[in-house]
Amino acid sequence: MNSRISRSAPRPLRCAGAAALALWAVSVVRAPDAWRFIDGVNLLLHEAGHPVFGFFGEFMTVLGGTLMQLLFPLAFAVHFHRSRQPFAAAVSLAWLGESLFNVARYAADARARLLPLVGGDDAGHDWEYLLTRLGLMESDQAVAQGIRAAGAVLLLLAVLRAMQAALAPAPDPAAEPG
């Protein structure tokens, strides 16, 4: 096969990956409360965020769970973007979008408090505390909808970026600095 043609052709594994990412993103939007493989990681990061941000007072300790859950995939997306790995950056951005759906679910539960919490029924509910402190408790559903919308936008952007990266011609090895 002519090397000129192979460099300009889309990379099949990335095209398959972009298609899989698109299907996954659709499943997140269609079933936002379903548990997915990445949610265990999201929960671990969330719980780790409380003590990490605990040095900044009570409000930041509570908010820190959500912050860590979101900052971690954002850091990956930024790293991969800066290191010119657009496909990996897109996957990380999709992770961030999906994580926002988790946050939205938690925020929507602020008044009802039906979700099982890591510390049990007596554990404090982060979003009940946060929305109460911010005077937004009566708007918990609207806040959750806004967070969900942000997650959906990020998922869409991630899929579009993954498709763009997959369809881009492979870089010319001769043009690479070495």
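**Salt bridges and helix packing**

Reader: How many salt bridges does the count come to?
Author: This is a predicted model, in which local features need pLDDT of at least 70 and side-chain atom pairs pLDDT 80 or more, while totals for chains, interfaces and linings use all residues. Side-chain values use heavy atoms, without hydrogens and water, and residues are numbered from 1 along each chain as its sequence is written. A salt bridge is a side-chain nitrogen of Lys or Arg within 4 Å of a carboxyl oxygen of Asp or Glu. By this rule, the count is five salt bridges.

Reader: Which side chain meets that of Arg-105 in a salt bridge?
Author: Arg-105 lies in helix H5, and its partner in the loop between helix H2 (12-30) and helix H3 (39-52), so the pair ties together parts that are 72 residues apart in sequence. Helices here are DSSP runs (H or I, at least four residues), numbered from the N terminus. At 3.9 Å, N to O, the partner is Asp-33.

Reader: How are H5 and H7 oriented to each other?
Author: The axes of H5 (residues 86-108) and H7 lie 8 Å apart, at an angle of about 165 degrees. Axes are lines fitted to C-alpha atoms over the stretch in contact, and angles run from 0 to 180 degrees between N-to-C directions. Angles over 145 degrees count as roughly antiparallel. H5 and H7 are therefore roughly antiparallel.

Key: Helix = DSSP H or I, 4+ residues; strand = E, 2+ residues; numbered from the N terminus. Parallel < 35°, antiparallel > 145°, perpendicular 65-115°, else oblique.
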